[in-house]
Amino acid sequence: MKFSQELRQAVEDSWNASFHHPFVQGIANGTLPLQCFRYYVLNDAYYLSQFARVQSLGAAKAADLATSNRMTVHAQGTYNAELSLHETFCKRMGITAEERAAFQPAPTAYAYTSHMQRVAYNGHLGDIIAVILPCYWLYYEIGEKLQGSTPEEPIYREWIEAYGGEWFRELVQEQIDRLDSIAAEVSQADRDRMKQHFMISSHYEYLFWEMAYTLEAWPAYK
C-alpha cells in the first residue's frame with residue numbers, strides 16, 4: 001500500500017463528514033445562505049495567502065531545483081487561479097478592498113494556518129506536502145462529487161466547476177506522487193509525523209466548513 005493510500009484510509013470518517021456537511025451540501029443544492037459563503041470567502045482569502053507562503057517554504061526546502069520550481073509554480077497557482085476566483089466572488093458580493101484589508105480571520109482559519117506554518121518552519125518537504133495536501137485532495141474529491149449539481153446561484157456553480165476540473169486533478173496527483181516518493185525514502189518516525197500532520201489538517205478542513213456555516217467569531221468579553 002502506498003503511503004498516500006494509508007493516509008486516505010485514515011481520514012475516511014473525517015472526509016465523509018466534510019462531504020455531508022451542510023455547507024458543502026448547501027453549495028450543491030443552492031440552499032447555503034450567501035452570508036455564509038461571503039464569510040467563507042473572506043476567511044479563505046486569508047487562508048490562501050498563508051497557504052501560498054507555506055508552498056513557498058516547500059520550494060525553499062526542496063532538495064533539487066526541479067522540485068523547487070514546481071513548488072513555486074504551485075504557490076503562483078494559488079494566487080493566479082484561486083485568489084483570482086475569490087476576486088470575482090468579492091465583486092459579486094460587494095466585498096470591498098477596505099473590508100478585506102480590515103478583516104480579522106475567524107479562530108479556525110487562524111488556527112489552521114498557524115498549524116501549517118509551524119509544520120512548514122520546523123519540518124522538511126515531506127512534512128510540508130503532508131500538511132497542505134488535504135486542502136488539495138479533499139477539494140478535488142468534493143468537486144468531483146458535486147459535478148452535475150446545478151444550484152441556481154451562479155457563484156456556487158463556478159465554485160463547483162473550479163475544483164472538479166482536470167487542471168486541478170493534475171495538481172493534486174502531482175503532490176500525491178511527490179509525497180509517496182518522499183515517504184519511501186524517510187524513516188518510520190518521519191512517516192508517522194507526516195501522517196499526523198495530514199490527519200490534523202483534514203480535521204481542520206471539516207472545521208473550516210463549520211466555521212463558515214456558523215459564522216464563527218472570536219468571543220467577546222465585557
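Biologist: Why does Q175 count as buried?

Modeller: Buried means under 20% relative accessible area, with exposed over 50% and partly exposed in between (1.4 Å probe, protein chains only). Q175 has 1% relative accessibility, so it counts as buried. Bear in mind that this is a predicted model, where local features need pLDDT of at least 70, side-chain atom pairs count only at pLDDT 80 or more, and totals for chains, interfaces and linings use all residues. Residues are numbered from 1 along each chain as its sequence is written, and side-chain values use heavy atoms, with hydrogens and water left out.

Biologist: What does Q175 touch, not counting residues up to four places away in sequence?

Modeller: With contact meaning heavy atoms within 4.5 Å, Q175 touches M71, H74, I129, I132, L133 and Y136. Q175 itself sits in helix α10 (residues 166–183).

Biologist: And what makes the pairing of the Q175 and R178 side chains a polar contact?

Modeller: A polar contact is a pair of N or O atoms within 3.5 Å; within protein, one must be able to donate a hydrogen and the other to accept it, and residues adjacent in sequence count only if both atoms are side-chain atoms. The two side chains make theirs at 2.6 Å.

Biologist: Let's turn to α7. How does its reach compare with the expected span?

Modeller: The expected span is 1.5 Å times one less than the number of residues. Helix α7 (residues 107–122) has 16 residues and reaches 22 Å from first C-alpha to last, close to the 22 Å expected. Helices here are DSSP runs (H or I, at least four residues), numbered from the N terminus.

Biologist: Which residues of α7 are buried, and how do you know that they line one face?

Modeller: They are T108, A109, Y112, T113, H115, M116, V119 and A120. Seen down the axis of α7, these buried residues fall within an arc of 145°, so they line one face of the helix. That arc is taken over the directions from the helix axis to the C-beta atoms. The face turned away carries the exposed residues Y121 and N122, while the cover over the buried residues includes α4 (34–61), α8 (125–146) and α11 (188–213).

Biologist: What makes the protein chain as compact as a globular protein of its length?

Modeller: The chain has 11 helices and 0 strands. Its radius of gyration is 17 Å, close to the 17 Å that the globule rule gives for 222 residues, so the chain is as compact as a globular protein of that length. The radius is taken over C-alpha atoms, and the rule is 2.2 Å times the number of residues to the power 0.38.

Technical notes:
Helix = DSSP H or I, 4+ residues; strand = E, 2+ residues; numbered from the N terminus.
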